[in-house]
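Reader: I have a structure to go through with you. Could you take my questions one at a time?

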Amino acid sequence: MSQVLVLSSPSQQDVDPILGFASELITQGEKVTFFSSDEFKASIQNIGADFKAYNQDLNIFKADEQDDKKPKSGLISALLEPMKFIDDIVVQIRGLKFDYAVFSPSYPYASIITQLLGISRTQQMISN
């Protein structure tokens, strides 16, 4: 059984294909840890994956409910201070060892995170 890290941009377009792929991995006996936003928690847990949420203050994908025209504060933070975003993920999975990672092509910092963790990368392509 391999340990798999799934890094998902929390949008329906990214989560759906990776969720299906992760479900198949679990069916084949893999142990999956899946990062996404809280809105996808139930779906991720329903397939049997271990759910990890992005730190809300650093979630670059969250919408600003007060003003849609205003830039997303998380995105600005991620661009100006990417290590805060990366460190949050690394801290949450401290002590876990992964054999490989799965992520969408649009996922930011996947290369850096997998290098820091010393794991190989498997990229899940998303078809629209």
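Reader: To begin, where is the place of Leu 116?

Author: Leu 116 sits in helix 5. Helices (H or I, at least four residues) and strands (E, at least two) are DSSP runs, numbered from the N terminus. Please note that this is a predicted model, in which local features need pLDDT of at least 70 and side-chain atom pairs count only at pLDDT 80 or more, while totals for chains, interfaces and linings use all residues. Residues are numbered from 1 along each chain as its sequence is written, and side-chain values use heavy atoms, with hydrogens and water left out.

Reader: Which residues does Leu 116 touch, not counting those up to four places away in sequence?

Author: Leu 116 touches Met 83, Ile 86 and Val 90, where contact means heavy atoms within 4.5 Å.

Reader: How do the axes of helix 4 and helix 5 cross?

Author: The axes of helix 4 (residues 82–92) and helix 5 (residues 110–117) come within 11 Å and cross at roughly 45°. Axes are lines fitted to C-alpha atoms, for helices over the stretch in contact, and angles run from 0 to 180 degrees between N-to-C directions. The two helices are therefore oblique to each other (under 35 degrees is roughly parallel, over 145 roughly antiparallel, 65 to 115 roughly perpendicular, and the rest oblique).

Reader: Which residues make the contact?

Author: Helix 4 contributes Met 83, Ile 86, Ile 89 and Val 90, and helix 5 contributes Ile 112, Ile 113 and Leu 116.

Reader: Changing topic, where is confidence lowest and where highest?

Author: Mean pLDDT, the predictor's confidence in each residue, from 0 to 100, is lowest in strand 5 (residues 120–123), at 61, and highest in helix 2 (residues 41–46), at 97. Over residues 124–128 the pLDDT is below 50, although this stretch has twelve contacts in the model beyond near neighbours in sequence. Where pLDDT is low, the predicted coordinates should not be read in detail.

Reader: And what is the average over the protein chain?

Author: The protein chain averages a pLDDT of 81, and 75% of the residues score at least 70.
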